Amino acid sequence: MKIFLNGYMGSGKSLIGKMLSDSMGYPYVDMDDQIEIMEGTSIHEIFQKKGELYFRKLENDILKDILASNSDMIISLGGGTPCYGNNFELIKADSENITVYLKASVEQLTQRLFLEKVHRPVISHLDTKEQLEEFIRKHLFERAYYYNQSKIIVDVDHATPTMILEKIKAKLD
């Protein structure tokens, strides 16, 4: 079984992915970490020097490698991974794969991301919380179509990581 965590940046995919991995004893893969290891540089640098299209191609290649593996694992997708190319269709093609949408509100995401936006290439240029909120609202609207196709949807607002983990595990049974 492969469990794919998806949702907007800042929704907690990496933290929850590690916790779920520890809890279930499955190996953990963070797509962004894999890309950084493969390229030997940060996501920010990849976006700056080679562009988003290059990044999305790497993302698709790594996803195909993960899907070809026979191992059980927990995978944290990048926020845009399910929305580009045929990525989400590839994931859903195997009925054994489980997709989990960590659903956070625009307000919650704005709070979380404003403090760390310098490390996020897609939003690093936004100067105010208002600009960031507008950007997130637009992006979430565009991406909701993909995120909402997940087998499991967990609202992460006002929930501790442990509560989120328990909600996911309850829905896996």
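This is a predicted model: local features need pLDDT of at least 70, side-chain atom pairs count only at pLDDT 80 or more; totals for chains, interfaces and linings use all residues.
Five strands form an open sheet, in which the order is 2-3-1-4-5 and the pairing is parallel. Strand 2 (28-30) and strand 5 (152-155) are the edge strands, and each of them pairs on one side only. On average, neighbouring strands of this sheet are turned by 20° against each other, with direction ignored. Within the sheet, strand 1 (residues 2-6) pairs with strand 4 (residues 98-103) in the parallel sense, and four bridges join the two. In this pairing, isoleucine 3 stands opposite isoleucine 98 of strand 4. Helix 3 packs on the sheet, where it touches strand 1, strand 2 and strand 3 (73-76). The direction of helix 3 makes about 150° with that of strand 1.

The charged side chains were examined next. Side chains of opposite charge can pair when their charged atoms come close. Ten salt bridges are found in a search of the whole structure. One of these joins glutamate 39 and lysine 50, whose closest N and O atoms are 3.3 Å apart. Glutamate 39 has a relative accessibility of 22% and counts as partly exposed. Lysine 50, at 48%, also counts as partly exposed, because this class covers values between 20% and 50%.

A salt bridge is also formed by the side chains of glutamate 107 and arginine 137, with an N to O distance of 3.7 Å. Glutamate 107 belongs to helix 5 (residues 106-114) and arginine 137 to helix 6 (residues 129-147); the pair, 30 residues apart, links distant parts of the chain. Glutamate 107 is partly exposed, at 46% relative accessibility. Arginine 137 has a relative accessible area of 40% and is partly exposed.

In a further salt bridge, the side chains of arginine 120 and glutamate 116 meet at 2.4 Å, N to O. Arginine 120 counts as partly exposed, with 23% relative accessibility, and glutamate 116 counts as partly exposed at 28%.

Two single residues complete the description. Serine 21 is part of helix 1 (residues 13-24). Its relative accessibility is 9%, so serine 21 counts as buried; the limit for this class is under 20%. A polar atom of the serine 21 side chain lies 2.4 Å from the backbone oxygen of tyrosine 26. When neighbours within four places in sequence are left aside, the residues in contact with serine 21 are Tyr26, Pro27, Tyr28 and Ile74.

Histidine 158 is located in the loop between strand 5 and helix 7 (161-172). Most residues other than glycine have a negative phi. In histidine 158, which is not a glycine, phi is positive, with a value near 60°. The relative accessible area of histidine 158 is 74%, and the residue is therefore exposed, as the class begins over 50%.

How values were computed: Residues are numbered from 1 along each chain as its sequence is written. Side-chain values use heavy atoms; hydrogens and water are left out. A salt bridge is a side-chain nitrogen of Lys or Arg within 4 Å of a carboxyl oxygen of Asp or Glu. Buried means under 20% relative accessible area, exposed over 50%, partly exposed in between (1.4 Å probe, protein chains only). Two strands pair if DSSP finds at least two bridges between them. Axes are lines fitted to C-alpha atoms, for helices over the stretch in contact, and angles run from 0 to 180 degrees between N-to-C directions. Contact means heavy atoms within 4.5 Å. A polar contact is a pair of N or O atoms within 3.5 Å; within protein, one must be able to donate a hydrogen and the other to accept it, and residues adjacent in sequence count only if both atoms are side-chain atoms.
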